[in-house]
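Please open the structure in the viewer and keep the selection panel at hand.

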Amino acid sequence: MSTLHYLVLAPFALAILIPFVYRWFRHIHTGWFVLPLPLVLFVYLFTQYLPFGGEFKTAAESVAWIPSIGVNFDIYLDGLSLLFALLITGIGTLVVLYSIYYIANKKDEPLNNFYVYLLMFMGAMLGVVLSDNLIVIYVFWEITSLSSALLIAYWFHKEKSRYGAQKSMLITVAGGFAMLAGFSLLYIMTGTFSIQAIIEQAGSIMTHSLFIPAMLLVLLGAFTKSAQFPFHIWLPDAMEAPTPVSAYLHSATMVKAGIYLVARFTPVFAGTPEWFWILTSFGLMTLIWGSISAVRQKDLKGILAFSTISQLGLIMSLLGLGSAAVLYNVENVDMLYATAIIAAVFHLINHATFKGSLFMVVGIIDHETGTRDIRKLGGLMTIMPITFTISLIGIASMAGLPPFNGFLSKEMFFTGVLNATTIDFFNVSTWGILFPIVAWIASVFTFVYCMIMFFRTFTGKHQPEKLEKEAHEAPMGLLISPIVLASLVVIFGLFPNILSYSIIEPTVQSILPNYTDEFYVNIYHWHGLNTELFMTVAVVLFGALVFLNLKRWQEATFFLKERDPLNRLYDGGLDGLVAGSQRVTNLQLTGLLRDYFAYMMVFMILLLGWTIFRFDAIAFDFVNVATVSPYLWVITLVLIASVISVPFISNRIGAIIVVGVIGFIIALLFVVLRAPDLALTQLLVETVMVVLFLLCFYHLPELKKEKFTPRFKLTNLVISIGVGLVVTLTAFSAHAMRHDIGVESISQFFIEASKPLAGGYNMVNVILVDFRGLDTLLEVLVLAVAALGVVTMIKLKMKGGEDV
Amino acid sequence: MEILMIITVGVLVTVSTYLLLTKSLLRVVLGIVLLSHGAHLLLLTMSGLKEGAPPLLGEEAASYADPLPQALILTAIVISFGVTAFLLVLAYRTYKEHKTDDLDQLRGSADE
């Protein structure tokens, strides 16, 4: 176990302690006990691994977990992992601090639950980004799904919270399963669960027939987790969670797990055009869908949720565009496409900072006014000046305005999509022109919803009568975290290069490991009067124009409905699944014994019949048969006749007598077939049975003439004839092939050994009590149990007064 | 002789299956009795019905009938007797409690 292992496991260990701490220190907010952990982890990672001008050192540690199947708790820390680990611990610290003031009411809230779930999530997330073993990643991945669902349903008495939790659980776990299948396929192809080992084999598995299925399945997992179209529908409903959770999980960390997975697997899968196309098209689709949907929202968190979806789509499409760099391993050309990867990493950091701060700001507004509805809010600029300033920075960055960091990454995004038009594989040259157009339209809508968010909340008329509380500035404790994040937005915006050398370069290096050229990331604010700048200017002008005319086209029905139309598909699908399974169950589980018996019999007929037919097993042997004596003919024919008559008898005494006759004829058959003991037993048993039948039937009603429909009778007849035929055929074939096996009966031993070994003349009895005495012992036990059962059944009074 | 016995067994199985598929509990019990008869006969038949003395050493015969299937059948007869007896009492008890022996009416209510 190395320090990094303890680092991953530390949150889990603390999560175990939290309930005790919560109980012992009731007067201190539990959050204070949680706060040091992410802080310490952040500082440790920051000081130990972040390169300050020097070389980046990757760390690899291994601990055996299930070595026999290649599952080990391997830690691999490179630039990409470090970036995510810093995000998780850094924003984790801020979120815990924020939550201490946000969920301030110690008495009413189950704080222990909250922090246990949050720590579980933090540990799992660290595990996902730091593990090198696919199975370990999957385990941590599912813990993030689980803890996310727990956190969404934190206020579990609310119907909507439970709905949101269930939805996110179903969608992310379905994706997780697909991912597990993809991982298994990768294992089949490479024989290892280690990602680094898989990357080494990346070139050789490209032509494998399982390569594309594995890619699709892994992508399904990434897309569901990162809320890509059409799996994004869970994210808006996850906004029922407490705001710190939304800020942490649903903007900065968990939804980026899919991004991480895609970036991590870029060296494995990126050599194919399919990867490029799927990532880019789904990313752009998510980008434009999310940004248009965000405009429709009336709830601030709803806007932020769709904004998150849209920005995740942006990052995903950039990763797709950047994968072209792997395809084109030509000098000077790949740098062109690698820009997209740099932009993706940069925007990932930027998004985490400004979206985190915006969620916290929205939480503050909710906290101080009692609502998040933009129709009720307005004119908060002078009432909440600090909140206003933080929002201004965050929103401007989100809209992509200079001098904030969002501007830089948006410029780079435009560069990426413009470069993509020069790619010339797989029809990109014809369709490539769509990339900048879609990106530009999405940016316009991004600008519009940013303006809506800003102007509807902070400008206009203040409407105190619509608010539940009197609006006022938030306490300082709530403001610390968003202030830190907003200052980061400004710092990264003004000095982007402090990021580029320390973290972006090692990250890009780990996403594109075969990228041999030395490269330096240099991010400038001003790079001349180029197309990107004009695009941004056009976005601002056009966006302002759209916003000013908002009233006019917001009347369109598409914008009136707040919920995503895809939800109808999900809800309908879920309801249909329940109703469908109910129908299937009702169809087969009729509650009638006869139906179940018929299923079994039909299955038996089909299985045996098919087997006999398939292996051509029908055989008749008319040679090796004993001759039939005339009196046996008579006995057998009488037997057959009486058996056939049973179903036609409607008189119960008649039926008993006929069944008794059948029993006695069988005893007679035993006599003829030289089985004296059998004949004796059969006679006795049959006599007792007839007596029992008569005793029992005395109390039972008269056999009713059953009124069946002809169809009911016919199916019964067909099934029973089928069963009879199959049994007869099997018996014939078994009899005919009996001698083909070449194994003689062991009876000769019993015949010879009966006298010398057991001292008996009656071989059957010797077998029963001597050679195979155990059977007899247990058979006696069966009789005893049956007798006890009979007594119990007769004496037991179901309703009270048990007298057994 | 084996051919004839196998056909007899086939008839027994057919009729007992038919009885098991009907709605009256009593007919189902009768079907089970007939089915066990069929199974016993099949056991005996499949061991071969060649001529030979009964499996008693006092007979001093050259060949005997196979004693092993007879021992097996003897066990089976006793067990099926025990089961049938229990089944009969169960049917009696069911009728006492529910006042019907129609399996259609014994299926219980829909929400169970």
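A residue counts as buried when its relative accessible area is under 20%, computed with a 1.4 Å probe on protein chains only. The model on display is predicted.

**Stop 1: a covered helix.** Select helix α12 of chain A, residues 243–252. Of its 10 residues, 10 are buried, and the helix is mostly covered.

**Stop 2: the loop between α10 and α11.** Move to the loop of chain A that lies between α10 (211–225) and α11 (234–237), where A:Pro230 is placed. Display the backbone here: the peptide bond joining A:Phe229 and A:Pro230 is cis, with omega about -5°. A:Ala227 is found in the loop between α10 and α11 as well. Its phi is positive, about 55°, although A:Ala227 is not a glycine. For context, most residues other than glycine have a negative phi, and most peptide bonds are trans. Is A:Ala227 buried or exposed? A:Ala227 is buried, because its relative accessible area of 0% is under 20%.

Stop 3: Select A:Arg674, in the loop between α30 and α31 of chain A. This residue, again not a glycine, has a positive phi near 60°. A:Arg674 has a relative accessible area of 14% and is therefore classed as buried.

**Stop 4: a serine in helix α14.** Go to A:Ser293, which sits in helix α14 (residues 273–296) of chain A. With a relative accessible area of 1%, A:Ser293 is buried. Which residues does A:Ser293 touch, not counting those up to four places away in sequence? The contacts of A:Ser293 are with A:Phe306 and A:Asp564.

**Stop 5: aromatic rings.** Show the aromatic side chains; over all chains the structure holds 34 aromatic pairs. One pair to select is A:Phe20 with A:Trp24, which is tilted, at 5.8 Å centre to centre and 35° between the planes. Both residues belong to helix α1 (residues 3–24) of chain A, and because they are four residues apart, about one helical turn separates them. A:Phe20 is partly exposed, at 44% relative accessible area, while A:Trp24 counts as exposed, at 61%. Next select A:Phe183, A:Phe211, A:Phe265, A:Phe269 and A:Trp275, which ring pairs link into a cluster.

**Stop 6: the interface of chains A and B.** Finally, colour by chain. Contacts involve 101 residues of chain A and 79 residues of chain B. The two chains bury about 8,500 Å² between them, and 78% of this area is on carbon and sulfur atoms. How many salt bridges are counted between chain A and chain B? The count is zero. Seven residue pairs across the interface are in polar contact, both partners at pLDDT 80 or more.

On the side of chain A that touches chain B, the helices that each supply at least two residues are α28 (593–614), α29 (630–645), α30 (652–672), α31 (676–699), α32 (710–736), α33 (747–758), α34 (763–771) and α35 (773–795). Highlight α32(A), which gives the most to this side, with 15 residues. By residue class, the side of chain A that touches chain B comprises 64 nonpolar, 21 polar and 16 charged residues.

How values were computed. Residues numbered from 1 in each chain as written. Chains lettered and ligands numbered in written order. Predicted model: local features only at pLDDT ≥ 70, side-chain atom pairs only at ≥ 80, totals over all residues. Heavy atoms only, no water. Contact = heavy atoms within 4.5 Å. Buried area = accessible area lost by both parts, 1.4 Å probe. Salt bridge = Lys/Arg side-chain N within 4 Å of Asp/Glu carboxyl O. Polar contact = N/O pair within 3.5 Å; in protein donor to acceptor, adjacent residues only side chain to side chain. Nonpolar A, V, L, I, M, F, W, Y, C, P; charged D, E, K, R; others polar. Phe/Tyr/Trp six-rings, centres within 6.5 Å; stacked < 30°, edge-to-face > 60°. Buried < 20%, exposed > 50% of the residue type's maximum accessible area, 1.4 Å probe, protein only.
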